[in-house]
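Subject: A structure for you to look at

Dear colleague,

I am handing over the structure below, and after it I set out what was found. Please keep it open while you read, so that you can look up each residue as it comes.

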Amino acid sequence: MKDLEIRTLDADGTRAAARALAAVLRAGDMLVLDGPLGAGKTTFTQGLGEGLGVRGPVASPTFVIERVHPGLRGGPALVHVDAYRLGGGGDIDDLDLEADLDASVTVVEWGRDRVEHLVDSVLLVELERPDEVEDPDDPDEPRTLRLTPSGPRWDEAACSALAAALSARGGSAATDEENR
């Protein structure tokens with residue numbers, strides 16, 4: 001399975017990429033979001049919530065740790081988790097995410113190397129922002145999103161559907177091989 005890389009120009013572009021991704025997600029999918037503070041993890045999840053048609057608004061769950069947004073159109077709920085303040089694996093296990101996994105799309109910010117043991121398949125979404133920007137006072141700076149699907153859920157057909165959905169958003173989604 002190949003990584004997909006997407007470049008967005010601003011927060012709206014990051015939300016649009018996530019809305020497009022929502023079209024190929026289904027109940028039971030887990031996304032792990034990784035990136036530094038301010039990289040756009042919550043912004044991405046807001047777009048995902050819009051695309052899934054869940055009750056909002058989607059806001060950072062930093063202090064409540066987990067928010068559940070029920071589906072409004074008969075689709076899966078969105079479970080949004082922020083693992084930043086959690087300690088080791090025991091804290092993750094205490095959340096009892098397994099109870100919602102099969103019926104929801106689960107997004108875990110700061111979850112890399114902490115939640116993968118809960119499921120067979122994961123979509124890792126790494127969000128990067130540039131080290132330097134032209135206008136430091138402009139909050140809408142470009143982002144690079146690298147999506148790494150792993151596990152049996154993300155077979156060749158699912159990865160092709162993922163790439164097609166992301167390309168259809170009006171931008172481009174390139175595999176790592178195409179970027180070389």
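How many salt bridges are there by the rule used here? The count comes to eight, where a salt bridge is a side-chain nitrogen of Lys or Arg within 4 Å of a carboxyl oxygen of Asp or Glu. Side chains of opposite charge can pair when their charged atoms come close.

Before the details, please note that this is a predicted model, in which local features need pLDDT of at least 70 and side-chain atom pairs count only at pLDDT 80 or more, while totals for chains, interfaces and linings use all residues. Residues are numbered from 1 along each chain as its sequence is written, and side-chain values use heavy atoms, with hydrogens and water left out.

The overall picture

The protein has six helices and eight strands, taken as DSSP runs (helices H or I with at least four residues, strands E with at least two) and numbered from the N terminus. Along the sequence they follow the pattern β-α-β-α-β-β-α-α-β-β-β-α-β-α. Of the 180 residues, 47% are buried, where buried means under 20% relative accessible area, exposed over 50%, and partly exposed in between, with a 1.4 Å probe and protein chains only.

Salt bridges

Glu-50 and Arg-19 meet through their side chains in a salt bridge, at 2.7 Å from N to O. This pair links distant parts of the chain, with Glu-50 in helix α2 and Arg-19 in helix α1 (residues 11–22), 31 residues apart. Glu-50 counts as partly exposed because its relative accessibility is 42%, and Arg-19 counts as partly exposed because its value is 35%.

Asp-29 and Arg-153 form another salt bridge, with their closest N and O atoms 2.8 Å apart. Here Asp-29 is in the loop between α1 and β2 (30–34), and Arg-153 is in the loop between β7 (143–150) and α5 (156–167), so that the pair links distant parts of the chain, 124 residues apart. Both Asp-29 and Arg-153 are buried.

In the salt bridge between Arg-112 and Asp-34, the closest N and O atoms are 2.9 Å apart. Arg-112 lies in the loop between β5 (104–109) and β6 (122–128), whereas Asp-34 lies in strand β2, 78 residues away. Salt bridges that share partners also join Glu-5, Arg-7, Glu-128 and Arg-146 into one network.

A lysine without a salt bridge

Which charged residue is buried yet has no salt bridge? That residue is Lys-41, and the nearest side chain of opposite charge, Glu-109, is 5.3 Å away (Lys and Arg count as positive, Asp and Glu as negative, and His and the chain ends are not counted). Lys-41 lies in helix α2 (residues 41–52), and a polar atom of its side chain lies 2.9 Å from the backbone oxygen of Gly-35. Leaving aside neighbours within four places in sequence, Lys-41 is in contact (heavy atoms within 4.5 Å) with several residues, including Asp-34, Gly-35, Glu-109 and Trp-110.

Helix α1

Several residues of α1 are buried, among them Gly-13, Ala-17 and Leu-21, and what covers the buried residues of α1 includes β1 (4–8), β2, α2, β6, β7 and α5.

Note on methods. Polar contact = N/O pair within 3.5 Å; in protein donor to acceptor, adjacent residues only side chain to side chain.
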